[in-house]
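User: I'm new to this one and would like a walk through it. Could you take my questions one at a time?

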Amino acid sequence: MSAAIRWFWFASPQTFFPLAGRIALACWAGAAVLAAAGLYVGFFVAPTDAQQGEAYRIIFIHVPAAWMSMFLYVVMAFWAALGLAFNTRLSSMMASAIAPTGAWMTFLALWTGALWGRPTWGAYWVWDARLTSELILLFLYLGFMALQAAIDDPRRANRAGALLAIVGVVNVPIIYFSVQWWNTLHQGASVSLTRAPSMASTMLAGMLLMALALWLYSIAASLTRVRCIIRERE
Amino acid sequence: MNWGGWSEFWAMGGYGFYVWGSYGVMLACLALEIVLLRRRAREVKA
């Protein structure tokens, strides 16, 4: 069977169901192992920060959660747009399945940011461009979920949700570049592909391990949820 | 190894409230999502 045919084969919810279960299981296991490794490196290997003391250890969840909040939104909008364009049921189901996980990642990024801001900036919250645009992202996720929940007919719910998700994508580059475009209290990007890392390599390792763990976790949770949605709708 | 003992570990150099407040809420969100997913999976099977 050629690769193209395989893709269409798995575009049907019924054939995707068992595959989603197998991928989810592998991702649950991978997430647990990587999180254990990441927490070990983060708390026992990475040294105390010279400026922030131990408060900086919030970074191991704050940055991965913030990355996932933006990444999951783009993936959600991608599936929603695909569902809108080609009327494929599974695409819209994937978008609905990603939203709750993305929403709590956004909440977690804001929450850990507040608890990190208090000891380092002296305030839990400031109306900074980065913080404000991330808060708008949380409202976009919640709006998407509320809109879908408010419409009984799944087809109309998918269409309405997709429009909101697609329009909201504009916000993601605003979050990402906010620290360059505006004079923000929030610091600039801590990791860049073009510059040498600005932090100790063990700190970076802990952060990347946690980011991978959250990434696999998000896949596992979304696929587990999409299986429930398939069962509920089909 | 960074810590002289467990009490030092939990104190987090005086930032315990902020560090554990972050990790605690993460754990709570994680546990909540897993519980809700398991319940939903059980309900659709029934």
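User: Let's start with chain B. How many helices and strands make up its secondary structure?

Analyst: Before anything else, keep in mind that this is a predicted model. The C-alpha atoms of chain B fill a box of roughly 50 × 20 × 15 Å along the principal axes. As for its secondary structure, chain B comes to two helices and zero strands.

User: Which residues does M26(B) contact, leaving aside its neighbours within four places in sequence?

Analyst: M26(B) sits in helix α2 of chain B. Its C-alpha atom is 23 Å from that of W3(B), which is 23 residues away along the chain. Once neighbours within four places are set aside, the contacts of M26(B) are I61(A) and L108(A).

User: So where does chain A meet chain B: which element of chain A gives the most to the side that touches chain B?

Analyst: The contact takes 24 residues from chain A and 18 from chain B. On the chain A side, α4 (89-121) and α8 each supply at least two residues. The top contributor there, with nine residues, is α4(A).

User: And what is that side of chain A made of, in nonpolar, polar and charged residues?

Analyst: We're still looking at the contact that takes 24 residues from chain A. Sorted by type, the chain A residues touching chain B come out as 13 nonpolar, five polar and six charged.

User: Now inside chain A. How are α2(A) and α8(A) oriented relative to each other, roughly parallel or roughly antiparallel?

Analyst: Helix α2 (residues 13-45) and helix α8 (residues 201-233) of chain A pack at about 155°, their axes 6 Å apart. Angles over 145 degrees count as roughly antiparallel. So α2(A) and α8(A) are roughly antiparallel.

User: How do the residues in the contact of α2(A) with α8(A) divide by type?

Analyst: The crossing of α2(A) and α8(A) is left-handed. Where α2(A) contacts α8(A), the residues divide into 25 nonpolar, seven polar and one charged.

User: What about α3(A) and α4(A): roughly parallel or roughly antiparallel?

Analyst: α3(A) and α4(A) pack at an angle of about 155°, with axes 7 Å apart. The crossing of α3(A) and α4(A) is left-handed, and the residues of their contact split into 19 nonpolar, 10 polar and no charged. Given that angle, α3(A) and α4(A) are therefore roughly antiparallel.

User: Which residues have the most contacts inside the largest nonpolar core?

Analyst: That core has 72 residues. Elements giving two or more residues to the core include α3 (59-86), α5 (129-150) and α6 (154-168) of chain A, along with α2 (16-45) of chain B. The residues with the most contacts inside the core are I58(A), M76(A), M210(A), A213(A) and A220(A).

User: Let's zoom in on F60(A). Is F60(A) buried or exposed?

Analyst: F60(A) lies in helix α3 of chain A. Beyond four places in sequence, F60(A) touches G38(A), G42(A), G206(A), M207(A) and M210(A); M210(A), in turn, touches residues including A35(A), I61(A) and P64(A). With 29 C-beta neighbours inside 10 Å, F60(A) counts as buried.

User: How far apart in space are F60(A) and L163(A), C-alpha to C-alpha?

Analyst: Along the sequence, F60(A) and L163(A) are 103 residues apart. In space, their C-alpha separation is 34 Å.

User: Last topic, the loops. N87(A) and M12(B) have positive phi: what is the phi value of each?

Analyst: Most residues other than glycine have a negative phi. N87(A) lies in the loop between α3 and α4 of chain A, and M12(B) is in the loop between α1 (6-11) and α2 of chain B. Phi is near 60° for N87(A), and for M12(B) it is about 50°.

User: And is N87(A) buried or exposed?

Analyst: M12(B) is buried, with 21 other C-beta atoms within 10 Å. N87(A) has 12 C-beta neighbours inside 10 Å, so N87(A) counts as exposed.

Definitions and conventions: Residues numbered from 1 in each chain as written. Chains lettered and ligands numbered in written order. Predicted model: local features only at pLDDT ≥ 70, side-chain atom pairs only at ≥ 80, totals over all residues. Axes fitted to C-alpha atoms, helices over the stretch in contact; angles between N-to-C directions. Helix = DSSP H or I, 4+ residues; strand = E, 2+ residues; numbered from the N terminus. Parallel < 35°, antiparallel > 145°, perpendicular 65-115°, else oblique. Left-handed = near helix turned anticlockwise from the far one by under 90°. Nonpolar A, V, L, I, M, F, W, Y, C, P; charged D, E, K, R; others polar. Contact = placed C-beta atoms within 7 Å. Core = buried A, V, L, I, M, F, W, Y, C linked by C-beta atoms within 7 Å. Buried ≥ 20, exposed ≤ 12 C-beta atoms within 10 Å, placed from the backbone.
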